[in-house]
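This briefing is meant to be read with the sequence and the coordinates at hand.

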Amino acid sequence: MATEDSPASERIVHSYKRSLNGFAARLTAQEAQELSGMEGVVSVFPSRTHELLTTRSWDFLGFPHAAGGAAVGGRHHRRHAGLQAAQHSANIFVCRVCMCPMKNPRQTFGHSAYTEFPVVSDEGFGPPPTRWKGARRNFTCNNKIIGARAYQGGATGLSPRDDEGHGSHTASTVAGRAVGNVSFGGLVTGTARGARLAVYKVCWDGGCGDADILAAFDDAIADGVDVISVSLGSSRPRPYFEDAQAIGSFHAMKRGVLTSASAGNSGRVGGHVCNVAPWMLSVAASSIDRRFTDKIVLGNGNTVVGASINSFPAVQNATLVFPVNGSCDPDDLAQGSYKGKIVLCPAHSGFVRNYGSGSFLAGAAGAVIVDSVTDQAYILPLPALVVTHQHQFDGILAYVNTTSNPVGTIETAETAGNPQSFHRDWSPAMVMSALITTATPMNTSGNAGYSELKYGAGQLNPSKARHPGLVYDSSEGDYVALLCAQGYNATQLALVTGSNSTTCAAGSRGDLNYPTMAAHVVPGKNFNVSFARTVTNVGRNPGGAAVYHVDIIFVASNASLEVSVSPALLEFSASSRTASYTVTVSGAAPSAADKVISVSIVWSDGVHVVRSPLVLYTANVDEHTSAVG
């Protein structure tokens with residue numbers, strides 16, 4: 001046994017003992033291997049580093065504008081259901097993992113002057129209830145931000161302040177106060193909203209370490225948070241018990257705490273989802289209902305439109321110039337004469353922001369940059385726009401090459417056009433179910449061929465999620481059965497769950513009582529699969545009678561597919577609030593190895609519409625790692 005003075009104790013990074021049972025330590029590969037074989041050790045895995053993931057979103061998703069509450073800065077404080085920020089009660093505690101309170105002094109949030117900023121004002125908030133056990137470390141809190149901690153390899157004295165911007169953005173999105181007339185350079189106006197906020201900073205310049213993430217989960221659960229929001233991940237999912245987010249969120253689920261995690265940053269390049277554990281809610285970004293655009297008007301009157309977040313004054317009749325060696329990297333532009341000119345930056349392996357910085361440092365008045373990513377606007381240090389069609393850029397070059405004094409004008413950018421708080425007795429699975437089954441389908445042309453495997457259950461509809469009608473519930477035992485079916489043995493599970501009664505029954509079901517259904521089918525082969533589900537009536541009269549009829553909706557024509565639901569009618573009463581049904585799907589799978597068949601199972605009582613996506617896929621899961629939900 002190591003003592004406090006022994007070298008072993010100095011290698012301990014974190015001890016998880018508030019909500020989890022374990023530790024993080026600096027070990028050699030041999031020591032880690034020996035430890036993994038010891039009795040009582042569930043798993044040993046290296047602490048990997050993760051990346052950060054992330055005005056209009058609230059209104060775009062359809063959040064109601066008012067549901068009672070306190071006025072802030074002369075505007076009404078919206079308190080309503082939210083995906084991550086549960087806002088019906090000021091005593092809902094939202095935890096943000098991986099980031100920190102607002103950005104450093106006098107920008108968004110000052111160290112001791114936080115009340116000057118309405119988004120984190122505690123006006124109308126009394127002291128936190130006694131159930132709150134959180135702490136503040138090297139940070140001055142109020143009754144709005146009620147906790148702040150920082151983690152980095154066991155170091156002490158760290159500040160939980162944001163020095164990068166990601167934390168400020170995600171914290172105010174999740175739980176900012178209602179502040180009217182919010183804007184970015186006059187381009188974007190909106191309203192920030194929010195509940196109480198506790199912050200657990202685990203991300204630094206080098207990324208976000210597993211050991212620190214688990215320490216944050218350990219504290220957040222014990223502190224008494226209601227919702228945990230995590231905006232970090234890796235490029236691909238990992239086995240559950242080598243995944244800090246999966247482990248931490250499992251223990252959160254046991255305590256009735258919902259974890260909402262970002263799906264990842266790989267949607268445009270491979271479509272991989274990184275946070276896939278079924279006991280957490282995985283949420284991805286989608287396109288919104290407007291674009292941020294700018295345009296350059298050439299001296300010949302032609303106009304080229306591109307993407308831009310540009311709040312600078314217009315650049316009038318500036319000379320257009322192509323860089324001498326075809327690159328707008330800072331080093332390449334350093335020796336040229338570009339002051340006061342608009343630099344034309346061709347497609348290159350460099351980053352758009354790097355090109356913007358190079359043009360700015362060279363003294364340019366503006367820039368036009370070619371990028372391969374469609375409709376992605378950037379904040380750059382000078383007036384600039386990004387074009388994604390080479391012919392647009394070629395048109396500008398043609399004008400430059402045929403004119404003795406080519407000029408252009410860059411104009412100012414323009415825009416074109418939570419259930420937990422209302423149902424405190426719902427389990428995390430019920431909250432996830434409400435969000436999934438009321439989501440709006442996103443079967444747009446851009447998603448053709450992938451369906452739910454590309455865009456999930458759909459676009460969130462928070463207003464409908466408040467009253468979903470039926471929900472699919474799952475308990476810790478259901479998740480344990482799923483893990484048993486995936487090969488985890490009873491001894492491992494007992495140590496993970498903290499219960500000696502945890503067992504793996506023979507033939508444990510691998511099909512969770514989840515609001516979506518998915519199965520892999522062999523290309524070109526006949527198949528017959530079934531999904532058993534149980535729903536709970538939580539309609540406007542959950543204790544009374546209700547009758548739901550089923551409808552089977554094919555997203556596309558599937559003549560060779562047969563789908564049946566038994567029974568086709570579900571009846572509920574005061575004495576019977578749950579009902580079960582089975583979906584059976586049979587037919588011939590497509591012969592191609594990259595096809596997806598999508599069906600929706602929809603239950604309705606004439607008021608509520610409860611939609612469960614069903615997906616059959618022939619794709620190789622190793623090549624197309626995705627999750628429905």
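In this predicted model, the second largest pocket has a volume of about 980 Å³.

**Lining of the second largest pocket**

- By residue class, the lining of the second largest pocket divides into 21 nonpolar, 12 polar and 4 charged residues.
- At least two lining residues are supplied by each of β1, β2 (22-25), α2 (29-36), α6 (210-223), α7 (244-254) and α16 (490-497).
- In terms of domains, at least three residues of this lining come from each of domain 1 (8-37) and domain 2 (49-63 + 89-103 + 113-283).

**Residue H14 in strand β1**

- H14 is found in strand β1, which spans residues 12-16, and because its relative accessible area is 10%, under the 20% cut-off, H14 counts as buried.
- The side chain of H14 makes a polar contact, at 2.7 Å, with the side chain of D212.
- When neighbours within four places in sequence are set aside, the residues in contact with H14 are F23, A24, Y151, G153, G154, A211, D212 and A215.

**Helix α12**

- Helix α12 covers residues 428-437, and since 10 of its 10 residues are buried, the helix is largely enclosed by the rest of the structure.
- The buried residues of α12 are P428, A429, M430, V431, M432, S433, A434, L435, I436 and T437.

Notes: Residues numbered from 1 in each chain as written. Predicted model: local features only at pLDDT ≥ 70, side-chain atom pairs only at ≥ 80, totals over all residues. Heavy atoms only, no water. Buried < 20%, exposed > 50% of the residue type's maximum accessible area, 1.4 Å probe, protein only. Helix = DSSP H or I, 4+ residues; strand = E, 2+ residues; numbered from the N terminus. Polar contact = N/O pair within 3.5 Å; in protein donor to acceptor, adjacent residues only side chain to side chain. Contact = heavy atoms within 4.5 Å. 1 Å grid on protein atoms, 1.4 Å probe; cavity = no way out; pocket = protein on both sides within 12 Å on 5 of 7 lines; lining within 4 Å. Points joined across faces, edges and corners; volume = space filled by probe spheres on them. Nonpolar A, V, L, I, M, F, W, Y, C, P; charged D, E, K, R; others polar. Domains from an automatic or database assignment.
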